[in-house]
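Please read the following report alongside the sequence and the coordinates. It turns to charged side-chain pairs and then to the overall fold.

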Amino acid sequence: MPMSDESERYTPTEIRQHGPTQLAIAWLDGAESRFDVRALRLACRCAHCVDEWSGENRLDPTTVPSDVHPLRIQSVGRYAIGIEWSDGHSTGIYSFRQLRTDSDH
Ligand SMILES: [Zn+2]
């Protein structure tokens with residue numbers, strides 16, 4: 001398997017807010033993904049939102065405002081981003097591999 005193709009697939013060149021409800025990520029291999037920001041918030045897999053043992057979702061969607069959006073996005077190492085949300089939540093980490101894989105479905 002050629003390593004370069006693999007890493008290009010999961011390397012973002014640009015992450016930006018696209019309008020009030022979408023986050024756009026441009027990838028090194030030329031693809032672009034768009035994410036609904038509230039869906040991203042609901043897909044948070046941190047220990048607060050998902051039970052570590054059962055994998056059960058502990059986040060009640062009704063507690064997440066309909067206009068929730070990222071306030072700050074920061075890189076976490078070379079493989080992920082952390083998002084600070086307008087509802088005060090900031091412990092979620094989104095790996096580029098997870099983001100790219102989710103967007104391909
Ligand atoms: Zn979370």
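In this predicted model, the side chains of aspartate 102 and arginine 45 meet in a salt bridge, with 3.6 Å from N to O; a salt bridge here is a side-chain nitrogen of Lys or Arg within 4 Å of a carboxyl oxygen of Asp or Glu. The pair links distant parts of the chain, since aspartate 102 belongs to helix 3 and arginine 45 to the loop between helix 2 (37-42) and strand 4 (70-76), 57 residues apart. Helices (H or I, at least four residues) and strands (E, at least two) are DSSP runs, numbered from the N terminus. Aspartate 102 is partly exposed at 37% relative accessibility, whereas arginine 45, at 52%, is exposed; buried means under 20% relative accessible area, exposed over 50% and partly exposed in between, with a 1.4 Å probe and protein chains only.

The model is predicted, and local features need pLDDT of at least 70, side-chain atom pairs count only at pLDDT 80 or more, and totals for chains, interfaces and linings use all residues. Residues are numbered from 1 along each chain as its sequence is written, and side-chain values use heavy atoms, with hydrogens and water left out.

| Pair | N to O distance |
|---|---|
| Arginine 100 and aspartate 29 | 3.1 Å |
| Glutamate 32 and arginine 34 | 3.1 Å |
| Aspartate 102 and arginine 45 | 3.6 Å |

Arginine 100 and aspartate 29 form a salt bridge through their side chains. Because arginine 100 lies in helix 3 (residues 96-103) and aspartate 29 in the loop between strand 2 (22-27) and strand 3 (32-36), this pair ties together parts that are 71 residues apart in sequence. Arginine 100 counts as buried at 6% relative accessibility, while aspartate 29, at 34%, counts as partly exposed.

Glutamate 32 is partly exposed at 40% relative accessibility, and arginine 34 is partly exposed at 42%.

As for the fold, the protein has three helices and six strands, which follow one another along the sequence in the pattern α-β-β-β-α-β-β-β-α. Its radius of gyration is 14 Å, close to the 13 Å that the globule rule gives for 105 residues, so the protein is as compact as a globular protein of that length; the radius is taken over C-alpha atoms, and the rule is 2.2 Å times the number of residues to the power 0.38. Buried residues make up 30% of the 105 residues.
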